[in-house]
Amino acid sequence: MVKKSTVQIWLQYVTAILLIFLLTWHLLVRVPWLRGVETFKDTLASEKVYHEVSSYGILLLIFAYVALLHGFNGLRTILLEWTSGKYNGLITGTIIILFIIFGALATYTVIGITPP
Amino acid sequence: MSEGTGKVLPNRPGWLASVNPWVLRVVNNPERLAFVLHRLTGLLMALIIMAHIFVTGTPARVGWEAWAEEIAKAQGITVVTLYFFFFAGIAWYHGLNGIRLLLVEFFGTCIGKPEKPKPPYLAPSLKACQRKLLYTVYILWAILWILTGYIVFMG
Amino acid sequence: MTFDPEAATRTPPKKVIFRVKRYNPETGKTWWDEYEVETYRGMTVLDALLKIKEEIDHTIVMRYSCRMGVCGSCGMIINGMPRLACQTQVAEVATEANPVITIEPLKNHPVLRDLVTDFTAFFEKHRSVKPYTIRKDKEELETGDMEYLMSPEEHKELYEYTLCIACGLCYSACPVAASDERFLGPQALTYVWRYVSDPRDEAWQERLEAVDVEGGPFSCHYAASCSAVCPKMVDPGAAIQRLRSALIKYRLGLYKKKKVAKKATRPAEQVKPKKPLPPEAQPVPGANIEAMEREPPTIPVEQLIA
């Protein structure tokens, strides 16, 4: 049985500390002045996005996994609190399946990308 | 109650207390509103992140043409820009309040020092620096969200 | 809960309407009743309820005892906020513009009748955290003749938490306890921290291990409503954060209790030989102490009188 503190420290608080930096970076790359382009739309242009994914793929992937861990564990905690832990197996199982699906999708997004 | 004949009334508001800060009208308690907003933004982000991963996978899954087609709509007030505006706004609040919660919950700081009760009997944690941080969170959130709107819609 | 002397000494509106939420367990029906009460300066909400019971409606049921904010029996939700009825002045909650006071039973506690709630589960949680000093030297605890030493600073660290009267207002205000029945609640968790931080207690490690479960300090999300409603300025919200932080440090191998309090020493000439445990302190042969700690034995009333 995993201790509650282990889950919370590593899946909620440590990921939260990492997310502060990762999320700031992820939001700042959409600021046009920092990317040397004119508009917000230009930051989403195919060449820019390809450059971002191919150069910082690992960082994006870490961000996706850390965000999924933090988000899904949070969602799980909220659902368990709302149901007084009655459907623990069902909720945790569903969350783990969702994590695997979207983790795989995120991995494919980075690995399977081709130049535009 | 021992062997009563009647039924007891379960009196828990349930999940409503997590989404409605006015289930109780506790005075001098902006932390409760912060908790509700943190929970709501967290729930929304956990749901939106799935859509976000799905959509940003478009270049790898479908191709760059489909991506370019979507991005062409990212000008003015459209579904795409509204999505970015709201997702960023939600993320700003959750992140800013998250920093405050990390300080309070993880590090156990910003909650004042235990003191002996004296009038007006205000709990130390309610006048500690976490309260100032909370107001800072609200102000910064407003500024950053307005700035986000400017970048997304005006750019 | 903050105390506003100006509001508390104000003259209330001459007539105040009390909207009271009623519940009848026999029929299972819930309804609201309205009573108009003539007030006077210094009237508390409990005074008004007793006046209603005496003069208007004898069937209304509420729990109260000391009438001065010490026993913690008369907790109820007054105008949407959990308060002690005996500590709340009518003038504080009713204004000339809106002379209506709504009174409901405490939330998160099952309602037995009208304003009376069942505290069994609440006290059960309180008992489960072992709210008493635990020392390794049990013999010393029974026969000790000197106090354990404690500095004023150490005393100040935990004094606030010892003021808890277990009125259940914090538990009623908690948005997590509103749905999660497993949550120990602000009151019980405050007691855990009160003993973990107490230099006279030696079981801090066991206490930290015991609360590392679902419903422990990690279920708290710092809505701080408990601290805002506490009538004794106990600040349960801060206590839970300190407990959680200590538990995190303990799990990461960083937490160290400052020191365990030493016993005061007598001058050499006054030292008496160590006494053995008195017979009444010896466990009854065959008694299972651990089982008794989990489930206290029921002593028949006749036996107590005898």
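C:Arg194 lies in helix H8 of chain C, which covers residues 185-196. The model is predicted. In it, C:Arg194 is buried, with a relative accessible area of 9%. Two helix pairs follow: H5(B) with H6(B), and H4(A) with H4(B).

- The relative accessible area of C:Arg194 is 9%, and buried means under 20%, so C:Arg194 counts as buried.
- Leaving aside residues up to four places away in sequence, C:Arg194 touches C:Leu158, C:Tyr161, C:Thr162 and C:Arg200.

**Helices H5 and H6 of chain B**
- H5(B) spans residues 79-106, and H6(B) spans residues 129-154.
- The two pack at an angle of about 160°.
- Their axes are 9 Å apart.
- Angles over 145 degrees count as roughly antiparallel, and H5(B) and H6(B) are therefore roughly antiparallel to each other.
- The crossing of H5(B) past H6(B) is right-handed.
- Residues in this contact divide into 20 nonpolar, six polar and one charged.

**Helix H4 of chain A against helix H4 of chain B**
- From H4(A), the contact uses A:Ser46, A:Val49 and A:Tyr50.
- From H4(B), the contact uses B:Trp64, B:Trp67 and B:Ala68.
- By class, the contact has five nonpolar residues, one polar residue and no charged residues.

Methods. Residues are numbered from 1 along each chain as its sequence is written. Chains are lettered from A and ligands numbered from 1 in the order in which they are written. This is a predicted model: local features need pLDDT of at least 70, side-chain atom pairs count only at pLDDT 80 or more; totals for chains, interfaces and linings use all residues. Side-chain values use heavy atoms; hydrogens and water are left out. Axes are lines fitted to C-alpha atoms, for helices over the stretch in contact, and angles run from 0 to 180 degrees between N-to-C directions. Helices (H or I, at least four residues) and strands (E, at least two) are DSSP runs, numbered from the N terminus. Angles under 35 degrees count as roughly parallel, over 145 as roughly antiparallel, 65 to 115 as roughly perpendicular and the rest as oblique. A crossing is left-handed if the near helix is turned anticlockwise from the far one by less than a right angle, and right-handed if clockwise. Ala, Val, Leu, Ile, Met, Phe, Trp, Tyr, Cys and Pro count as nonpolar, Asp, Glu, Lys and Arg as charged, and the others, Gly among them, as polar. Contact means heavy atoms within 4.5 Å. Buried means under 20% relative accessible area, exposed over 50%, partly exposed in between (1.4 Å probe, protein chains only).
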